[in-house]
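Me: Please take a close look at a single part of this model and describe its surroundings in one connected account.

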Amino acid sequence: MRNAPAIDAATLSTLLNELRLPAIKVLWPDFAERADKEGWPAARFLSVIAEHELAERDRRRIERHLAEARLPPGKTLDSFDFDAVPMVSKAQVMAIAAGDSWLAKGANILLFGPPGGGKSHLAAAIGLALIENGWRVLFMRTTELVQKLQVARRELQLESAIAKLDKFDLLILDDLAYVTKDQAETRVLFELISARYERRSIMITANQPFGEWNRVFPDPAMTLAAVDRLVHHATIFEMNVESYRRRSAMEAKRQRGRPASFATMRNTAEIDAARQSEPNEALGDLGQIVALQSASKSICGWGSW
């Protein structure tokens, strides 16, 4: 009879494997010991280990969905600078990131603005938040996806390829404007938009407003039809701000141009002494800094930030 507990444990391990309950298989001995010591009723013991199993399943599911989403790394809502894009409401973005009704209705999100304004960052950050909330997302450059769909069309598999994308609640098409103005490319893109209309959601980032989409869709009728489907149920963000990369480069240039003699000064007295000892050189350096700052504001439009 001494071997009975060991036999029971081995049998339970086999059963849990068959039932595909790996978390319970690992955790039940410790929780069983604790339950025996603290006198838990059977219902509490079962509830605790079941909760851990569900939590582990959620974790594994999020890992799988993150792997398939192909999101660019490091793009989160926490790292997005909302102050730099004042026309974007943080509260609205947070509501969108929860998913809920707009994804269930197949609504769309469109982000417009010049390069470097944060469109791709915001799109990826929303996608990440949606995955963490249980939705499935795919992030792709529009040109890459269009090329894949063209291959599928040549192999007479376009309908099947578009149908496979239905497993994603949200399809993020980054940099729409870089699709070449080619009838074959734009045709498969239009068919994708049409197939997902009012069924599955699309998020698009684009450098060009709707008025310039004739550069993407060569057929005016196709342009009108694509825009009509995208905006019918859509939230549109206009992110017309100066490039973050350009602002960073100008700031780095400004910092490199700061005179070393003044950068290391600790107080006003030392600065005044240095100016008095080397007036011409110091004033020349300060003049360069003022000129560089003025040029930076003129180029980057800092006055509007």
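Reply: Contact is taken here to mean heavy atoms within 4.5 Å. On that basis, and bearing in mind that this is a predicted model, His121 is in contact with Lys75, Thr76, Ser79 and Phe80, once its neighbours within four places in sequence are left aside. His121 itself belongs to helix α6, which covers residues 119-132. Its relative accessible area is 16%, and because the cut-off for a buried residue is under 20%, His121 counts as buried.

Two of these contacting residues also take part in polar interactions with the histidine. A polar atom of the His121 side chain lies 3.1 Å from the backbone oxygen of Thr76, while the side chains of His121 and Ser79 are joined by a polar contact of 3.2 Å.

Strand β2 (residues 137-141) runs parallel to β3 and is joined to it by 5 bridges, with Val137 standing opposite Leu170. Strand β4 (residues 201-206) is likewise parallel to β3, here through 4 bridges, and Ile202 in β4 is the bridge partner of Leu171.

How values were computed: Residues are numbered from 1 along each chain as its sequence is written. This is a predicted model: local features need pLDDT of at least 70, side-chain atom pairs count only at pLDDT 80 or more; totals for chains, interfaces and linings use all residues. Side-chain values use heavy atoms; hydrogens and water are left out. Two strands pair if DSSP finds at least two bridges between them. Helices (H or I, at least four residues) and strands (E, at least two) are DSSP runs, numbered from the N terminus. Buried means under 20% relative accessible area, exposed over 50%, partly exposed in between (1.4 Å probe, protein chains only). A polar contact is a pair of N or O atoms within 3.5 Å; within protein, one must be able to donate a hydrogen and the other to accept it, and residues adjacent in sequence count only if both atoms are side-chain atoms.
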